[in-house]
Structure formats: structure tokens, C-alpha cells
Amino acid sequence: MALSGIRRTRRWMPQIPETESSVTTPLTTSNAILLVGHPNVGKSVLFHRLTGAYVNVSNYPGTTVEVTRASARFDREAMLLDTPGVLSLPSRSDDERATMRALLEERTRCLVQVGDAKNLRRTLTLTALLAELGVPMVLALNMHDEAAARGVTVDLPALAKDLGIPVLATVATGGEGVAELIGSLPDACPPQALLRYDGEIEADIARASEIITRLAPHPYLAARGLAILYLGGDPEVTTWLHEHIGANYALLETLREQAARRAEGKLPALLACERTQAADVLTTAVIQRALRSSPLLAQRIGQYVVDPLWGIPILLAMLYLVYQFVGVFGATTLVGLMEEDLFEGILNPAFSDFVNSSVTIPWMAELLVGQYGLWTMGMTYALALILPIVSTFFFAFGVLEDSGYLPRLTVIANRLFALIGLNGRAVLPMVLGLGCVTMATLTTRILHSPRERLITIFLLALAIPCSAQLGVVLGMLGGVSFSAVLIWVLAMIGVLLLSGFLAAKLIPGQRIPLVTELPPMRLPILGNVLKKTGGRLKWYLIEVIPLFLLGTLIMFILDKTGALPGIIRIGEPLVSGWLGLPPEASAAFVMGFLRRDFGATGLFAMAHTLSPIQAVVGMITITLFIPCFASLMMMVKEQGLKVAVAMVAVIVPFAFLVGGLFNIALRAFWS
Amino acid sequence: MSPKHEARLPLAFIPPGKEVRLAAFGDEIDALQREQLTAYGLAEGRPLKVLQQRPMTVILADEVELALEHAVARHIWVEKA
């Protein structure tokens with residue numbers, strides 16, 4: 001199925017079918033098969049295997065932040081849903097709540113719990129809760145190759161017998177066990193309960209179940225499962241029951257309050273503890289561990305990467321390689337080939353000749369191939385300058401993601417991020433922001449608190465240049481001198497730390513200490529990295545080309561109507577007086593309102609007329625300037641209009657303030 | 001919960017390479033964090049191996065590596081395996 005067949009929804013709502021696959025299977029009659037499980041156990045890879053639809057898959061927890069759906073390859077009547085990973089249920093985080101909503105609102109045919117074979121105890125702790133929902137289930141123990149490498153063997157028939165459901169071993173990345181999994185789906189059945197809770201808790205569960213059965217029976221989920229989730233304080237189940245029970249909801253609320261009082265406020269922990277114990281007993285019965293004398297190579301590498309002594313040199317080496325690949329190979333070699341050889345050498349002259357000879361209206365020819373031409377400026381910027389840079393960046397990022405390096409980077413970066421009120425987890429959106437700030441703004445959902453998300457989105461918008469812009473900045477300042485690049489880098493880090501420090505002081509709330517899983521280091525699979533790069537590039541181009549064309553059109557209109565010289569005149573005191581740039585640089589800032597990299601490219605185009613100080617000041621200002629229109633829209637989506645407007649109101653004057661201060665300082669100390 | 005036994009030590013103080021058993025979570029760890037740690041497989045009585053202590057505490061619990069800030073590891077009490 002094509003990528004367009006995927007739809008991502010935070011909340012399931014009956015919608016008009018919009019894709020080919022969903023036309024044949026309208027949601028009202030769909031049979032949903034839900035993939036559920038812990039973060040980073042391979043649900044999304046399995047989803048790809050079962051549907052052909054590719055979603056962003058990474059070797060770090062929290063990649064899937066929304067429910068994704070697509071038609072199953074093996075049964076066009078079935079709709080497969082990839083849910084965000086749940087660390088545990090009852091739900092607490094946004095992604096857990098999204099999964100819980102899917103469980104409550106979908107017409108579920110069956111659940112496929114995807115578990116990590118080498119961590120059976122944790123998998124079965126979740127099974128202990130899912131089993132209570134009374135929905136047909138299959139358990140796929142994924143990554144069983146990694147379990148085998150660690151000497152872990154699971155007695156699958158015994159486990160299947162104890163749970164009363166099909167249990168399979170899979171390696172989703174290699175497609176192993178997937179056919180068997182598909183074959184087992186018709187045999188899915190509601191599992192046997194793993195435990196009976198302690199006396200008083202069990203009585204409370206029975207009472208809550210009775211109320212739910214009487215007042216708000218769920219069409220697919222068992223009342224007992226809902227009762228356990230409700231007593232455990234699941235916010236989504238609470239809302240659902242409140243809405244469906246109506247006036248009599250107080251009965252249930254009183255019951256939970258009494259149960260919580262009896263448990264001295266630790267009811268959710270008690271419930272979770274009993275499930276853990278039940279999972280422990282079952283795990284001990286079905287698992288065998290061979291004694292290993294030494295850790296695996298992957299484990300050793302993983303430890304070196306976060307080692308206090310080796311971690312930083314490895315980080316620097318990794319940054320150097322990425323720079324060589326993106327900054328030198330992408331931004332210099334490939335851009336040279338595309339821009340000079342292909343576009344300026346062949347395509348642009350040929351297209352210009354064709355247009356000039358066949359279009360008789362002069363302004364129309366100019367609109368296509370003139371100074372602000374849709375082809376000569378818009379398409380050339382987008383395809384010749386930006387595409388090679390983002391392609392190499394997304395490829396490099398994909399390799400790092402799949403290798404398992406990025407979660408380890410959170411450990412190395414944690415102390416630095418503590419200075420700005422965040423924890424190391426924020427390094428992931430920040431690094432992705434070096435590729436595309438818009439995409440990174442969306443990825444802030446992996447952060448655990450609204451405060452962390454707000455600070456990170458602000459810093460992304462202010463001081464993180466996207467790869468397109470980074471390429472332009474490095475290309476321009478690299479041509480000036482190494483000192484120029486260094487001043488720009490230090491300015492960005494200084495602004496990031498200072499503004500982050502101030503934001504953390506001003507925005508109320510507590511910093512959350514980092515607790516994170518470090519998935520095994522793995523050798524990335526080229527095909528998976530290429531697919532992921534392709535998916536991201538498609539997303540990026542769909543976003544970037546229309547904006548580049550719109551930006552060029554606006555520049556063309558401003559030029560033709562004579563407004564551009566007017567804007568240049570109005571902006572002169574600020575641009576020439578305060579920043580010390582040539583008056584024409586105003587045009588670059590107008591372009592920068594559409595995309596920062598578009599603006600930076602505008603400055604790049606006039607590089608030969610700028611002094612070293614002007615180049616540095618111009619690049620510092622345009623980097624801090626508001627991000628592109630698309631990421632502004634994403635900010636509005638994630639944080640609301642008010643917050644987004646407030647951020648822009650801070651960022652734009654701040655960019656000019658810092659640029660001007662650097663103009664004064666550099667003129668005084670750097671010549 | 002404060003340490004009631006002399007042999008109990010905070011996880012953050014255990015040298016790398018040692019295998020220990022989780023004894024208790026301190027009161028400083030709030031209910032939500034306790035649930036999160038339990039979900040990661042850290043429960044009372046579970047064995048774990050300390051892999052390193054800097055820049056963060058890194059442990060191996062079953063076959064899962066977890067990194068914890070010292071602010072958390074200081075309040076997890078462990079005893080001899």
C-alpha cells in the first residue's frame with residue numbers, strides 16, 4: 001500500500017474515507033487489529049510487514065506518537081492499528097493515553113501484543129492487564145534473535161498453554177515468524193487471567209465491574225478490565241465511564257475513593273505490584289537462561305558509548321563523520337554537482353531558452369526564469385541547494401537512530417540539558433531539529449511534561465538551524481574563515497544556553513530527572529534506513545516546494561510592484577544602521593519570514609558583497625529569526641495560537657537585538 | 001521508606017560491576033515515578049547489575065539497560081544479591 005494510505009489520528013473519530021484502502025473498508029465496518037506493546041519492541045516494523053505501509057521507525061522509545069492505521073496485506077477487510085508504546089497501563093503519558101483511547105474507541109477484532117522476547121517479565125506484566133480486557137489476543141515475542149544471543153530461551157508451547165492464546169517468536173526486522181503470526185490470527189481468543197488480586201482489592205474490582213456492566217457496558221472490552229484500569233486511575237477510562245454512566249457516575253467515584261483510602265493512596269501501585277508478581281511467577285516457569293561468561297560485543301560498544309572517558313571522544317568522532325557526510329559531501333560535493341553542473345550548466349539555460357522563445361508575454365517569462373523566477377529561484381533553491389543537504393542529513397540521522405546511539409546521547413547530554421531545565425531526552429528533538437525544525441517540533445511529544453515541551457519548542461524555534469539553513473550558513477561562513485564559523489557556533493550555543501536558562505527560570509514547574517531505557521546497539525539495516533530517509537524526504541519536499549514557490553512569487557510581486565525597494569528603505573535603519581548590513585539584505589529577511597533557509601540563501605546569494613563581519617552578523621540574525629512558516633504552523637498546532645504568537649513576539653526582536661550586539665562587538669574586537 | 005537495615009545502600013553508591021538486589025524505593029520517589037520504575041521492571045527483590053555510575057547510573061535489570069539520574073538512584077535502596 002502506498003504511504004498515502006496511512007492516516008494518523010490522535011483520537012479515533014468516524015471520518016469520511018479518504019484513501020483507496022479505507023474506501024473498501026469504511027471504519028464503521030472495519031475490524032481493527034491493534035498492535036500494542038512496550039516502547040521500542042518493534043511494533044512499527046511489524047506494522048510495516050503486515051500492511052506494507054511505512055511509518056517512522058527508530059531504535060529509540062517513543063517514535064510512534066500517534067495511532068497509525070492501514071489496511072492489512074493479508075485481509076483487506078481488516079484495519080491494522082499501530083499504537084504508541086506503553087510503558088505501563090493504566091495510562092499516564094500522552095502516548096499511553098493515545099493507546100488507551102484506541103482500545104476504548106476502536107471496533108477491536110483482536111489485539112496483537114508485541115513483546116520483547118529477552119524481557120519476558122515486563123512483557124507479561126502488560127499481558128496481565130491486557131488479558132483482563134476480554135479481547136481475543138495473540139502474543140508475538142519479537143527480537144527473539146537478541147534473546148537467543150543473550151542465552152534466553154522461552155518455552156513457547158508452555159506459555160501459550162498458560163495464557164490460552166497463540167504465542168509466537170518473531171524477528172520483525174528480518175520478517176521471521178511474520179507468516180506464522182498472520183496464520184495464528186484466526187485462532188486468537190481472550191486470554192486466561194494471570195491473577196486474582198488480594199481479597200479487598202478483588203472485592204472492589206467486582207463491585208466496580210458490576211456497576212460498569214449495569215450502567216455502561218462497553219461493546220468490546222470486559223467490565224472487569226475497565227474496572228481494574230479505573231481503580232488504577234486511568235484518565236481515559238475515567239472520562240469514558242463518566243461520559244457513558246452520566247448522573248450515576250458518583251457511585252463509581254465513591255467506590256474508587258474508598259478503595260484508595262483503604263490502600264493509603266497507593267492503590268495503583270498495589271495493583272501494578274500484584275501484576276508484576278504474577279508475571280514473575282509465570283516468567284520463572286517458562287524461561288531458561290544460559291550462563292554467559294562475558295557481555296556481547298553490542299553490549300560492550302553500548303557501554304563505551306556512555307562511558308565517562310570514551311563517551312565524549314566517540315561523540316566528537318561521530319559529529320566529525322556526520323559533518324564530513326552532510327557538510328562536505330552533501331553541502332559541497334552534491335550541491336556543486338546539482339547546482340553548478342546540472343541546474344546552472346544544463347537545466348536553467350535550456351529551460352530559459354525554451355521559455356524565452358515560447359512565452360511571448362515578457363512578465364510571464366520573467367516570472368518563470370527571471371531574477372525572482374519560479375524555476376530559476378524557487379525550484380533551483382529547493383532542488384539544487386536544499387535537497388542534497390537534507391537527503392544526506394536524514395540518511396545520517398537514520399543510521400544514528402537505528403544504531404541505538406541516540407538514546408545514549410541523552411545520557412551524555414543530560415548534564416548540559418539540566419542547565420536549561422530539561423533532561424537529556426530533549427536532545428532527540430534538538431538533533432532532529434538540525435534536520436527539520438518542523439518535524440522536530442512534532443517530535444517534542446516524546447517529552448514527558450508540558451513544561452519540557454514548551455521550553456524545547458521555544459529553543460527549536462529560536463536557536464536550532466535546520467539542515468538546509470545549516471548547509472547555507474556553513475557554506476557561506478566556511479568561505480569567509482574558520483573563525484567566522486566558530487563565532488557563529490559559539491553565538492548559537494551561548495544563545496541556546498542563556499535563553500534556555502532564562503526560560504527554565506521563568507516557566508513554572510519542576511525539572512523531571514532522566515530515567516531511560518538504553519536499547520541494544522544494532523547494526524542498521526541499509527534498506528530500513530533508505531526507506532526512512534525516503535519517507536522523510538517526501539514529507540519534507542511536499543512541505544518545502546510549495547513554500548519556496550510561494551516565497552518566490554511574493555518576492556516577484558514585491559519587486560514588480562516596486563514594494564521591495566520600499567521595504568528595503570523602511571528596513572534600512574534596522575538592517576543597515578543597527579546590523580550594519582547592506583540595505584538589500586532587507587529582502588533576505590522578507591524571504592526569511594517564509595523560510596529561514598530561504599532567507600539565508602538570499603544572503604548567501606549576495607555573499608560576495610558582504611564583509612566578514614556582515615556575513616557573521618547576517619547569519620546570526622537570520623538563524624535566530626523566526627523559523628519557517630511550516631514550523632510556525634506546527635508550533636500553533638502543538639502549543640496553541642497564543643503561545644506561538646508570544647514566542648514570535650519574543651524571537652523576532654531578540655534576533656535583531658543579538659545581531660546588533662554582535663555587530664557592535666565584532667567591529668570593536670574583530671577585524 | 002528509610003533504610004531499616006545497615007546493609008542497605010543507595011543504588012547511586014554501588015561501584016560498577018557489582019550485582020545487588022533492590023530492597024526498597026525511598027519516600028522521595030513519588031507515586032508516578034515509582035509506577036514508572038516498576039514498569040521498567042524494577043521491583044523489590046529483583047536482582048540488578050550496576051554497569052556504571054558516571055555520568056549517570058546505568059544498570060542491567062534482566063536484559064534491559066536502564067540509565068537513571070543520580071537524583072533518582074540516590075533514593076533506590078539496594079542490598080547484597
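Reader: What makes Met143(A) count as buried?

Author: In this predicted model, where local features need pLDDT of at least 70, side-chain atom pairs count only at pLDDT 80 or more, and totals for chains, interfaces and linings use all residues, Met143(A) has 26 other C-beta atoms within 10 Å. A residue is called buried if 20 or more other C-beta atoms lie within 10 Å of its own, exposed if 12 or fewer, and partly exposed in between, with C-beta atoms placed from the backbone, so Met143(A) is buried. Residues are numbered from 1 along each chain as its sequence is written, while chains are lettered from A and ligands numbered from 1 in the order in which they are written.

Reader: Where does Met143(A) lie, and what is its phi?

Author: Met143(A) sits in the loop between β6 (137-142) and α5 (144-149) of chain A, where helices (H or I, at least four residues) and strands (E, at least two) are DSSP runs numbered from the N terminus. Its phi is near 55°, a positive value in a residue other than glycine.

Reader: How do you know that Asn40(A) is buried?

Author: Asn40(A) is buried because 23 other C-beta atoms lie within 10 Å. Asn40(A) belongs to the loop between β2 (31-37) and α2 (43-51) of chain A, and has a positive phi of about 65° although it is not a glycine.

Reader: Why are α27(A) and α29(A) called roughly antiparallel?

Author: The axes of helix α27 (residues 612-624) and helix α29 (residues 641-669) of chain A come within 8 Å and cross at roughly 160°; axes are lines fitted to C-alpha atoms, for helices over the stretch in contact, and angles run from 0 to 180 degrees between N-to-C directions. Angles under 35 degrees count as roughly parallel, over 145 as roughly antiparallel, 65 to 115 as roughly perpendicular and the rest as oblique, and therefore α27(A) is roughly antiparallel to α29(A).

Reader: What makes strand β3 of chain A mostly covered?

Author: In β3 (residues 67-71) of chain A, 5 of its 5 residues are buried. Val67(A), Arg69(A) and Ser71(A) point one way from β3(A), whereas Thr68(A) and Ala70(A) point the other way. In a regular strand the side chains alternate between the two faces of the sheet.

Reader: How do you know that β3(A) pairs with β4(A)?

Author: Two strands pair if DSSP finds at least two bridges between them, and 4 bridges join β3(A) to strand β4 (residues 78-82) of chain A, the two running antiparallel. In β4(A), Met79(A) is the bridge partner of Ser71(A), and a hairpin of 6 residues joins β3(A) to β4(A).

Reader: Which strands form the open sheet that includes strands of chain A and chain B?

Author: The open sheet has 7 strands in the order β10(A)-β5(B)-β4(B)-β3(B)-β2(B)-β6(B)-β1(B), with antiparallel pairing. Its edge strands are β10 of chain A and β1 (9-10) of chain B, each of which pairs on one side only.

Reader: How many residues of chain B are in contact with chain A?

Author: Contact requires that the C-beta atoms of two residues, placed from the backbone, lie within 7 Å, and 27 residues of chain B are in contact with 30 residues of chain A. On the chain B side, α1(B) gives the largest share, 8 residues.
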